[in-house]
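Take a walk through this model, starting at one residue and ending with the whole chain. Keep the viewer open as you read.

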Amino acid sequence: MKKTLISLSAALLLLSSSAYVYADSLLDPDQHVYVNEDVLETVSSINLDFVLDKALKDSHNLSLLALKYAAQGSKKSDLEQQMDNMSSASFAPGHLPSTPEEVTNTGNPLLPNLTEPTDIAWTVMQNNAMNQMIQGMGALAGGMNTIIAAQRAQMSTAAHQLGTDQRNSLLQTDEAKAGIRLQTIAQYVQLLGQKKQLAFMNEYEGVMEKELLRATLLSQQGLASSEDVLTAQKAINKQKDDTTILLNNYRLGLVQLSTDIGISYDPNLILQDIDPISVQPIAETDTLTLLKSSYQMKSSGNNIDEAVWETDHTVTQNTYGETYLGVNVAINGQKNEQMQLDLTKKIQSTYNDAKNAYTAVLTEQRNLTDVQADMKKMKFRYEAGVISKHDLNKFQIKVDQNETTLAAAKLKYYVLNEKAKAMDTGFIQ
């Protein structure tokens with residue numbers, strides 16, 4: 001009955017993840033293929049908060065970690081119950097009179113004293129044989145008890161290890177949540193950046209087409225060569241090719257994001273901008289504090305504690321077993337030191353990348369300010385009739401390009417700053 005309930009629970013879990021499950025194969029009827037037909041949500045607009053919420057709720061990785069934690073707990077309880085039900089082999093030793101003196105004076109009313117020499121001889125011989133059998137059974141029971149004790153010790157060690165694994169699974173779950181959040185932010189930001197770049201490239205293509213028209217007209221009037229027209233056409237062709245590649249990459253990223261968060265793909269899906277990004281200097285936390293809160297260092301600490309516990313509670317038969325346990329502690333200690341070094345380098349690298357991104361934003365802001373100041377001068381010249389409307393529009397593209405570059409720099413800063421802040425919660429990557 002218990003096995004049936006477990007099988008039923010597993011089946012319900014499998015079926016609950018999607019609307020339909022197909023379990024057949026056209027090539028081999030004995031080969032089952034399970035394909036889920038997901039029910040996708042249809043939306044016309046998304047923002048970062050919506051995407052993060054869906055990513056965490058629909059994460060298969062988090063679901064697997066939850067199942068892993070539950071499986072470890074069930075196995076641990078199973079081992080502990082088996083240990084409680086495991087009893088030692090019992091045997092009450094006994095001894096039968098096995099010498100002439102003992103059989104002639106047993107001291108036991110249930111065993112009469114023998115007097116006939118023949119009875120004495122046969123009884124001594126039989127009792128000696130019986131005593132050997134009794135001793136053998138006692139030795140057998142003792143051996144079984146030794147085996148049972150070793151099994152209990154192994155089960156105790158396995159149960160304790162599962163407890164450590166459960167603690168590590170909880171850490172892995174928290175770490176996975178932080179990782180999913182950062183990955184989703186990076187994915188959403190990349191799409192936003194590509195969308196802004198596409199808008200600029202389409203705008204720039206319009207200006208290039210006007211440039212081609214201008215070169216064509218000048219060529220017809222003999223004021224420009226055919227080579228100028230060809231150069232302008234080649235530039236437009238390259239611009240269109242670059243735009244097509246970027247558009248394909250954008251659509252691919254949109255398909256992947258839609259699949260990850262369980263919404264239907266819409267090429268015209270609106271991606272809302274992130275709330276105004278406040279650009280501030282990167283706030284750094286000292287390395288030791290970050291290491292103490294690191295998920296990986298906590299997990300490594302659990303492994304060291306487990307190795308130390310095993311040295312005190314594992315039953316070994318010789319010095320080689322004890323040496324192994326000591327070496328295992330040393331191995332985990334070395335891994336802990338190596339992890340500390342690796343994480344320290346990652347902390348330094350993350351802060352360095354974030355500070356470079358902050359500097360890049362300041363640089364792009366300064367560049368935009370400069371080009372905006374030049375744009376005011378260009379407008380003054382246009383109003384004074386010194387330059388044409390076409391030249392003014394071409395310079396406006398330069399302003400738009402700097403605005404797009406600044407927006408991209410801010411988005412990159414946002415991602416790296418979020419990565420730096422995540423280290424305070426224990427996520428170091």
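Start at Q166, which lies in helix α5, residues 117–220. Helices here are DSSP runs of H or I with at least four residues, strands are runs of E with at least two, and both are numbered from the N terminus. This is a predicted model, where local features need pLDDT of at least 70, side-chain atom pairs count only at pLDDT 80 or more, and totals for chains, interfaces and linings use all residues. Residues are numbered from 1 along each chain as its sequence is written, and side-chain values use heavy atoms, leaving out hydrogens and water.

Is Q166 buried or exposed? Q166 is buried, because its relative accessible area is 13%. Buried means under 20% relative accessible area, exposed means over 50%, and partly exposed falls in between (1.4 Å probe, protein chains only). Leaving aside residues up to four places away in sequence, Q166 touches Y69, Q72, G73 and K76. A contact means heavy atoms within 4.5 Å.

D119 also lies in helix α5. D119 is partly exposed, with a relative accessible area of 39%. Its C-alpha atom is separated by 9.4 Å from that of V103, 16 residues apart along the chain.

Now move to helix α6, residues 226–261. Its 36 residues reach 52 Å from first C-alpha to last, close to the 52 Å expected at 1.5 Å a residue. That expected span is 1.5 Å times one less than the number of residues. Buried positions in α6 include V229, A232, I236, Q239, T243, L246 and Y250. An α-helix has 3.6 residues a turn, so residues three or four places apart point the same way. Just after α6, G262 takes a positive phi of about 75 degrees.

Next comes the core. A nonpolar core is a set of buried Ala, Val, Leu, Ile, Met, Phe, Trp, Tyr and Cys residues joined through side-chain atoms within 4.5 Å. The largest has 60 residues, and I46, Y188, L271, I274 and Y413 touch the most other members. Helix α10 gives the most to this core, with twelve residues. L271 touches I46, Y188, L191, L192, K195, Y250 and L254, not counting residues up to four places away in sequence.

Finally, step back. The protein has ten helices and four strands. Of its 429 residues, 31% count as buried. Among contacts with a separation of 6 or more, 76% join residues 24 or more positions apart.
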